[in-house]
Amino acid sequence: MAARPRKSASNASAGKAAKSVSESSAEQIVKTLEHFDAPAPAKFSKDDEIRSYRDMLLIRRFEEKAGQLYGMGFIGGFCHLYIGQEAVVVGMQMAMKDGDQVVTGYRDHGHMLATGMEARGVMAELTGRRSGYSRGKGGSMHMFSKEKKFYGGHGIVGAQVPIGTGLAFSNKYEGTDAIAITYFGDGAANQGQVYESFNMASLWKLPVVYVVENNRYAMGTSVNRASAETDFSHRGLSFKIPGFQVDGMDVRAVKAAGDLAAEHCRSGEGPIILEMMTYRYRGHSMSDPAKYRTRDEVQKMRSESDPIEQVKKRLVSDHGMSEDDVKAIDKEVRDVVADAADFAQSDPEPDPSELWTDIYADDIPQAAE
Ligand SMILES: Cc1ncc(C[n+]2csc(CCOP(=O)(O)OP(=O)(O)O)c2C)c(N)n1
Ligand SMILES: [Mg+2]
């Protein structure tokens, strides 16, 4: 797919300023400042709409249940809910191929479910039970699945960015055509290691899609209070990494952006940045007094831009589904989540002897052996 370069007025003036240095560096700066327009939202068939509705609803209901179980004391430690942001991971997943990898931070349950990891295993990890993805010893922020190519789940803000870049390096080194989808937040985007990664990824043309989930806040700090450049799609310009902003509340817009980015990476063009304009409805984590924004702000997003409601409306108005047809999907999803929650409360905790296992990878010889 041809990416369409766009030059803005500020791009042109940057080009003029650089002319006094030399023509070639002027050209370079203009080229560097080129970025792509977001493509038009993808055209969804009825099946695409149904798939995206089901997958987003699964995340929504799963997270609501996790919030309840947390309140009831079944989940300890940190727990960051993804409610409101579902279209981002579901749209990106629809653009991915088998073998593509995903890595993210601590707000990770939606990413795991989107890759196809089992609701039972994720919920059981949240409740610290032995059938959880990390055998009950990792919790909300530390789950992995080699099978689904999900590489975590990381509690250190920004730490996943070098890891995703490393995954992309391994893809290039091994000669596969896989791409590494590396998600991080608007707050994480101000971390130094992000830019070291950008430099390497661009220099070596690594197949990595950097997805900035701009949900407007990093804990209680709004983007405007924290960021000198609030357009995160421009953050790669010094490294010649193109990027554009995407309506992260519209799953079709995300899918189209993901398709374009995937093709860019797979064709050997190197990294690309997608800034997803999104919003989290819940607090940063389970203990957030939410003094930094008004209820009206949250309510406005919920009532005007909800990603799931958008699809639901289209299912009824454009695809001839009845309210009952939609309710049947809702029930299917609720059953999966209820089953996961029951399982996560009845599965045993890990045996105390497990405290000493899984500390090192199996193939690393222990010094004492
Ligand atoms: C290196 C580091 N610094 C600080 C923190 C504390 N912390 C946890 S989440 C967070 C905010 C990150 O916000 P953002 O990247 O926008 O992601 P979001 O929570 O909005 O998904 C901070 C500062 C941390 N975990 N790691
Ligand atoms: Mg944020």
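Two strands pair if DSSP finds at least two bridges between them. By that test, strand β5 (residues 208-214) and β9 are partners, running parallel over 6 bridges. That pairing is a handy way into this predicted model, whose protein chain holds 13 helices and 9 strands. Of the 369 residues in the chain, 45% are buried. Among contacts with a separation of 6 or more, 76% come from residues 24 or more positions apart.

**The sheet**

- Five strands make up an open sheet, ordered β3-β4-β5-β9-β8, and the pairing is parallel.
- Its edge strands are β3 (101-103) and β8, each of which pairs on one side only.
- Ignoring direction, neighbouring strands here are turned against each other by 20 degrees on average.
- β4 and β5 run parallel and are joined by 6 bridges, with F184 standing opposite V212 in β5.
- Helix α7 (residues 160-174) lies across β3, β4 (180-185) and β5, and runs at about 170 degrees to β4.

- What makes β5 largely enclosed by the rest of the structure? It's the burial count: 7 of the 7 residues of β5 are buried.
- Going by direction, V208, Y210, V212 and N214 point one way from β5, while V209, V211 and E213 point the other way, and all are buried.
- β9 (residues 272-277) is largely enclosed as well, because 6 of its 6 residues are buried.
- Both faces of β9 are covered: I272, L274 and M276 sit buried on one side, with I273, E275 and M277 buried on the other.

**Where α3 meets α12**

- The axes of α3 and helix α12 (residues 307-317) come within 10 Å, crossing at roughly 145 degrees. The crossing is left-handed.
- On the α3 side, the contact is made by E49, S52, Y53, M56, L57 and R60; α12 brings P307, I308, V311, K312, R314 and L315.
- Sorted by class, this contact has 7 nonpolar, 1 polar and 4 charged residues.
- Which residues of α12 are buried? They are P307, I308, Q310, V311, K312 and L315.
- The buried residues of α12 pack against several helices, namely α3, α4 (86-95), α10 (251-266) and α13.

- I50 lies in helix α3 (residues 46-71).
- In sequence, I50 and V326 are 276 residues apart, yet 9.0 Å separates their C-alpha atoms.
- D330 lies in helix α13 (residues 323-346). With 14 C-beta neighbours inside 10 Å, D330 also falls in the partly exposed class.
- D330 and R61 sit 269 residues apart along the chain, with their C-alpha atoms separated by 9.3 Å.

**Around ligand 1**

- There are 14 residues around ligand 1, and the ones that come nearest are V157, G185, G187, A188 and A218.
- By class, the shell around ligand 1 has 6 nonpolar, 5 polar and 3 charged residues.
- One of the nearest residues, G185, falls within the β4 range of 180-185.

How values were computed
Residues are numbered from 1 along each chain as its sequence is written. Chains are lettered from A and ligands numbered from 1 in the order in which they are written. This is a predicted model: local features need pLDDT of at least 70, side-chain atom pairs count only at pLDDT 80 or more; totals for chains, interfaces and linings use all residues. A residue is near a molecule or strand if its C-beta atom, placed from the backbone, lies within 6 Å of it. Ala, Val, Leu, Ile, Met, Phe, Trp, Tyr, Cys and Pro count as nonpolar, Asp, Glu, Lys and Arg as charged, and the others, Gly among them, as polar. Helices (H or I, at least four residues) and strands (E, at least two) are DSSP runs, numbered from the N terminus. Axes are lines fitted to C-alpha atoms, for helices over the stretch in contact, and angles run from 0 to 180 degrees between N-to-C directions. A crossing is left-handed if the near helix is turned anticlockwise from the far one by less than a right angle, and right-handed if clockwise. Two residues are in contact if their C-beta atoms, placed from the backbone, lie within 7 Å. A residue is buried if 20 or more other C-beta atoms lie within 10 Å of its own, exposed if 12 or fewer, and partly exposed in between; C-beta atoms are placed from the backbone.
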